[in-house]
Amino acid sequence: MGETEGRKEEADYKRLQTFPLVRHSDMPEEMRVETMELCVTACEKFSNNNESAAKMIKETMDKKFGSSWHVVIGEGFGFEITHEVKNLLYLYFGGTLAVCVWKCS
């Protein structure tokens, strides 16, 4: 019974964390909101496949805002990047999932 309760608590926590929590962004407001919505849509659509979610985000960002976008999705990673000014979004979604989107030429 303890294992079942643990899964239920985890599911409840993830359900509460359905909004994106922006950790850092230097994007203009309109671009940031659009990118956040895209990230949420991709992460929900491909909830069991981070690679497909990242691919969807990258391809959409490349089409909409020009090429050279990069996307990392996962849990428990660190990063240090160089990016173009006003082209970075780092957020948490679903409690533990981190999404980082940036552009560099």
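1. T35 counts as buried, because its relative accessibility is 1% (buried means under 20% relative accessible area, exposed over 50%, partly exposed in between, with a 1.4 Å probe and protein chains only). This threonine sits in helix α2. Beyond its neighbours within four places in sequence, T35 is in contact with M27, M61, F65, L89 and V101, where contact means heavy atoms within 4.5 Å.

2. A word on the basis of all this: the model is predicted, so local features need pLDDT of at least 70 and side-chain atom pairs count only at pLDDT 80 or more, while totals for chains, interfaces and linings use all residues. Residues are numbered from 1 along each chain as its sequence is written, and side-chain values use heavy atoms, with hydrogens and water left out.

3. Now the helix pair. The axes of α2 (residues 29-45) and α3 (residues 50-65) come within 8 Å and cross at roughly 150°; axes are lines fitted to C-alpha atoms, for helices over the stretch in contact, and angles run from 0 to 180 degrees between N-to-C directions. That makes α2 roughly antiparallel to α3 (angles over 145 degrees count as roughly antiparallel, under 35 as roughly parallel, 65 to 115 as roughly perpendicular and the rest as oblique).

4. Which residues make the contact of these helices? From α2 come M31, E34, T35, L38, C39, T41, A42, C43 and K45, and from α3 come A53, M56, I57, T60, M61, K64 and F65. By class, the contact has 10 nonpolar, 3 polar and 3 charged residues; Ala, Val, Leu, Ile, Met, Phe, Trp, Tyr, Cys and Pro count as nonpolar, Asp, Glu, Lys and Arg as charged, and the others, Gly among them, as polar.

5. E44 is also placed in helix α2. With 47% relative accessibility, E44 counts as partly exposed. Its C-alpha atom is separated by 9.1 Å from that of G94, 50 residues apart along the chain.

6. Finally, the whole chain. There are 3 helices and 4 strands, running α-β-α-α-β-β-β from the N terminus on; helices (H or I, at least four residues) and strands (E, at least two) are DSSP runs, numbered from the N terminus. Of the 105 residues, 31% count as buried. Among contacts between residues at least 6 apart in sequence, 58% join residues at least 24 apart.
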